[in-house]
Amino acid sequence: MEEQTNDIAETSETQVEIKERERSSPEAALDQETEEEKSRGRLIFEEIMSWVKPIVVAIAVALFMDSYVIVNATVPTGSMENTIMPGDRLMGNRLAYKGKEEPQRGDIVIFKYPVDESENYIKRVIGLPGESIRILEGRIYINGSSEPLDEPYLKEEWFVQNDGFAFEVPADCYLMLGDNRNNSLDSRYWANEAVKEGLTTDAEEALSYCYVSKDKILGKAIFKYWPRVSKLTD
């Protein structure tokens with residue numbers, strides 16, 4: 001009986017030694033290292049994704065906002081001085097005129113240049129759909145009024161191309177002028193520019209290029225954010 005007990009004990013000890021050798025074999029060590037590497041890889045991947053996801057979301061939101069909500073523009077010329085200076089950066093609202101609201105006289109808007117729609121312009125709305133606009137001696141008269149339009153935003157006294165203009169603004173279109181009237185390529189010049197660019201040879205057709213249709217208005221300029229923040233229009 002004692003011999004049988006000793007045999008069982010020796011067998012158990014032998015099995016333990018085999019298991020210990022199995023655990024300490026090179027294959028087992030390699031498997032353990034592989035598992036550890038996989039674990040480290042998962043941790044690194046999760047760490048990277050914790051940074052990447054917010055960046056991707058931010059980019060997607062920015063692209064959406066830029067395409068459908070805001071207009072981000074840099075003004076290269078002085079045509080809107082002193083309201084907007086060359087190099088100023090501004091934000092516009094693409095949704096401003098998508099509902100029932102219509103562009104109002106005095107609004108500053110960003111739009112497709114009628115003579116070359118690959119270019120975006122920024123000017124002030126002066127003439128509204130259906131209005132008769134006259135420019136006489138540096139003053140603007142609307143629908144035969146004897147009182148000129150009050151324009152406190154003008155940079156200086158207007159003396160360039162300031163007389164002899166008559167505009168009949170078509171339906172759903174707007175007449176645009178710059179605040180720096182002495183140095184602004186605006187509605188006063190666009191008919192001639194259309195002829196010069198070979199878009200038409202007909203005088204009546206050329207006049208259609210003087211106006212901006214509502215569907216070509218990209219947005220209403222709201223505020224400047226560089227080099228300093230300031231509100232542009234209500």
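**Rings and strands, talked through**

Colleague: Over how many bridges do strand β5 and β7 pair, and in which sense?

Modeller: Strands here are DSSP runs of E, at least two residues, and helices runs of H or I, at least four, numbered from the N terminus. Two strands pair if DSSP finds at least two bridges between them. Strand β5 (residues 132-136) and β7 meet that, and their sense is antiparallel over 4 bridges.

Colleague: What kind of model is this, by the way?

Modeller: This is a predicted model, where local features need pLDDT of at least 70 and side-chain atom pairs count only at pLDDT 80 or more, while totals for chains, interfaces and linings use all residues. Residues are numbered from 1 along each chain as its sequence is written, and side-chain values use heavy atoms, with hydrogens and water left out.

Colleague: Which residue in β7 is the bridge partner of Ile-135?

Modeller: Let's look at its ring too. This residue forms a stacked aromatic pair with Phe-167, 6.0 Å centre to centre and 5 degrees between the planes. For the terms, rings of Phe, Tyr and Trp (its six-membered ring) pair if their centres lie within 6.5 Å; planes under 30 degrees apart are stacked, over 60 edge-to-face, the rest tilted. The bridge partner of Ile-135 is Phe-165.

Colleague: Why do Tyr-113 and Trp-190 count as an edge-to-face pair, and how far apart in sequence are the parts they tie together?

Modeller: Their ring centres are 5.7 Å apart with planes at 65 degrees, so the pair is edge-to-face. Tyr-113 lies in the loop between β3 (108-112) and β4 (120-127), and Trp-190 in helix α3 (residues 190-196), so the parts tied together are apart by 77 residues.

Colleague: Which ring has Arg-124 over its face?

Modeller: A charge sits over a ring if NZ of Lys or CZ of Arg is within 6 Å of the ring centre and within 35 degrees of the ring normal. Arg-124 is 3.8 Å from the ring centre, and the ring belongs to Tyr-153.
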